[in-house]
Amino acid sequence: MSNVVSYELVDNIGVITVNNPPVNALSHSVRSGIQNALQQAQDDDSDAVLLICEGRTFIAGADITEFGKPPQSPSLPEVLVSIENSKKLVVAAIHGTALGGGFETSLACHYRCAVPGAKVGLPEVKLGLLPGAGGTQRVPRIAGVKAALDMMTSGNPISAQAASDMGLIDEVIEGGELRGSALNYVRDLVESGAPLKRIRDINIDPSSIEPGFFENYRKQLARKARGQIAPERIVSCVEAAVTMPMDRGLERERELFTELVQSPESAAMRHIFFAEREAARIKDVAGDTPVRDIRRVAIIGGGTMGGGIAMSFANAGIPVTLLEINDEALQRGLGIIRKNYSITVKKGKLSEARVAERLELISGTTSYLDLADVDLVIEAVFENPDIKKEVFAKLDSVCKPGCILASNTSYQDIDDIATATGRPEDVCGMHFFSPANVMKLLEVVRGEKTAKDVLATVMKLGKKIGKVCVLSKVCYGFIGNRMLSGYGREAQMLLMDGCTPAQVDSALENFGMAMGVIAMSDLAGLDVGYKARKARKDLPADPKGYIVADTLVEMGRLGQKSGAGFYQYDPATRARSSDPEVEALIREKAAELGIGQQQFSDEEILQRCFFPLVNEGALILEEGIAQRPSDIDVVYVYGYAFPAAKGGPMYWADQVGLKVIYERICEFRDRYGEQYWKPAPLLERLASEGKTFAEWAASND
Ligand code: NAD
């Protein structure tokens, strides 16, 4: 027997126990261990077999480290055939999270029981894959085609109760410990003479599927696919489950799984999966650094960001106090939070009771004295360095020793802000993204003097409130917004050179961006960039990159919030539409500046917009602002909705080829001027050496 799978007879039940910490992943030794144990059970005195796991979870999924390596027999599908064809009843007992191959293993069993806290799911789509061990064939046979598709194309796990309602779990075992209750359940099945229920024996009646159902489902998916191909392949597999016998369906599933494993989309999504985990590691901070206890948090400023940040903490069960300048501003801030929660209730995503619990955790104040006892303060007041320093000086005087003082500033110098306090080691940046209760990215900004335990604490806390954390050192705009400036500038330049806002945005959206950069600036508010520009002294004299945006702000067109910006917005649906007035304004401004307008291909639009991201990313790496290129990818995928199926800007650049990018940047330099296009030395070096950012990172780790 393998050392990660054991087998024993408990009375008349053969018990196969998997013990492969930390999550009982389906490594080769687990697969062969189950196979052997099952074989043994066929020949002994057992009447039935129980498959159960030690530790914190049932088999949580495939062993992702085996991806890309030559397959070792037995493969998971082979093991599942043995389970399904066992002449003795096989029952899976699920606790923790049975995901992917883990859940598929349970589906090959004849019955499934689960504790109420268990979750099951098929998250393969999140790695650009599909459930490749029969999931696409078995789930629709029990749960129905629509429910199966929703489950597999979203990849989201569901509770044991929901799975039971869908027929995917036969028994939710209440009370008692897992093993004892599961054994009782198996005994009951044996005593009642329960039949060997093989999901493969169920046939889906094709006439039960509405005509056009699959076509419509595909159309819906295409709208949000953003470059992903796996969701569509999942539909093809489920279609096969309806139209083909089980074995042919399994073959189809294998064929499409193999296609996806080898696809660039899946490779990019797997890159992001690992990059996200890697980003949490700070190179010079030991993983076991003791962290500070964060029990109470305060937010200064209850505006757009402060309210969203407060919700993020309340959602994670952490009490939070919101401080505003006066009662009116406070009530407005709290009112927006309540309104946001009520929208979530209306959408059916949260119950009234849950919202009440969360609101209970949010209190308001106008007095700094109420902050004496908090463990972390996040400042989210106006983006003005003097106001911020005033706030930090006050915090320094009222907050207890050891309290972490963080700023949500988008651009200001954290080191300068820290000078307003007598404890710069406790100061850092926590840069959330808007809407802060939804967006997953958190840039953790490390000041010159920020203590290592402060960083370790904030990284851990960020994860607790559901964020993906990336470390950035101090520079103007940190990783994300610093890179954005060239991206945004080129989009504006393209308008002056002859594109309409809709052309630029549709090229970006066809590439897979959730929203084009011009529509995004409308969403963020054009006044935000306007104010930032007015506060900067080092803008190039050439107004080509911002003249239209500035004029729109001066016309009162601030973006979505004022109903119009680069686009006009439907007040009810917020749907955007092109505005001929803006297009005329662009032409007028281009003529004023003597710029001749011309046509651009989508490819050139992408190069103009994305190559500055890559070039600035290279500078950020050389300066040590970001720890590694994959951190930059995480920032862009989670903070700026860069398509995960393209892997983030630095990964994408490696695929395009750094030499190609370098040469094109040189052409743009010659055409548009060196103040905009100056190849980063690192990009130039890697291009000449024929290397990638990934290779550079590996040699720097
Ligand atoms: P906002 O104008 O919506 O809110 C600022 C709030 O701070 C207002 O409610 C104001 O009353 C309050 N305030 C001002 N001075 C104060 C003081 N001295 N004490 C207490 N409260 C005070 O601004 P916002 O968009 O929420 O931005 C806040 C910060 O977050 C800025 O530093 C901004 O750069 C940063 N940020 C904004 C975004 C975004 O997309 N809006 C994204 C990331 C970071």
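This is a predicted model: local features need pLDDT of at least 70, side-chain atom pairs count only at pLDDT 80 or more; totals for chains, interfaces and linings use all residues.
Pro-74 is joined to Ser-73 by a cis peptide bond, whose omega is about 0°.

A cis bond also leads from Ser-434 to Pro-435, where omega is near -5°, and Pro-435 belongs to the loop between β15 (427–432) and β16 (441–446).

## Positive phi angles

Arg-226, in the loop between α8 (213–224) and α9 (230–243), is not a glycine and yet has a positive phi of about 50°. Because its relative accessibility is 29%, Arg-226 counts as partly exposed.

Ala-641 has a phi near 55°, likewise positive in a residue other than glycine, and is placed in the loop between α25 and α26. With 22% relative accessibility, Ala-641 counts as partly exposed.

## The second largest pocket

The second largest pocket, with a volume of about 410 Å³, is lined by 20 residues, and those nearest its centre are His-271, Ala-275, Ser-630, Ala-694 and Ala-697. At least two lining residues come from each of α11 (264–279), α25 (629–639), α26 (649–656) and α29 (693–700), and α29 contributes the most, with five. The lining of this pocket comprises nine nonpolar, six charged and five polar residues.

## A nonpolar surface patch

On the surface, Ile-325, Phe-382 and Ile-387 make up a nonpolar patch whose accessible area together is about 340 Å². Ile-325 lies in the loop between β11 (320–323) and α13 (327–346), and it counts as exposed because its relative accessibility is 69%.

Note on methods:
Residues are numbered from 1 along each chain as its sequence is written. Side-chain values use heavy atoms; hydrogens and water are left out. Patches are made of residues with over 30% relative accessible area and no salt bridge: like charges are joined within 9 Å, nonpolar side chains (Val, Leu, Ile, Met, Phe, Trp, Tyr) within 5 Å. Accessible areas come from the Shrake-Rupley method with a 1.4 Å probe; for residues, only the protein chains shown count as cover. A salt bridge is a side-chain nitrogen of Lys or Arg within 4 Å of a carboxyl oxygen of Asp or Glu. Helices (H or I, at least four residues) and strands (E, at least two) are DSSP runs, numbered from the N terminus. Buried means under 20% relative accessible area, exposed over 50%, partly exposed in between (1.4 Å probe, protein chains only). On a 1 Å grid over the protein atoms alone, a cavity is a set of points where a 1.4 Å probe fits but cannot get out, and a pocket is an open set with protein on both sides within 12 Å along at least five of seven lines; lining residues have an atom within 4 Å of a point. Grid points are joined across faces, edges and corners, and a volume is the space filled by probe spheres set on the points. Ala, Val, Leu, Ile, Met, Phe, Trp, Tyr, Cys and Pro count as nonpolar, Asp, Glu, Lys and Arg as charged, and the others, Gly among them, as polar.
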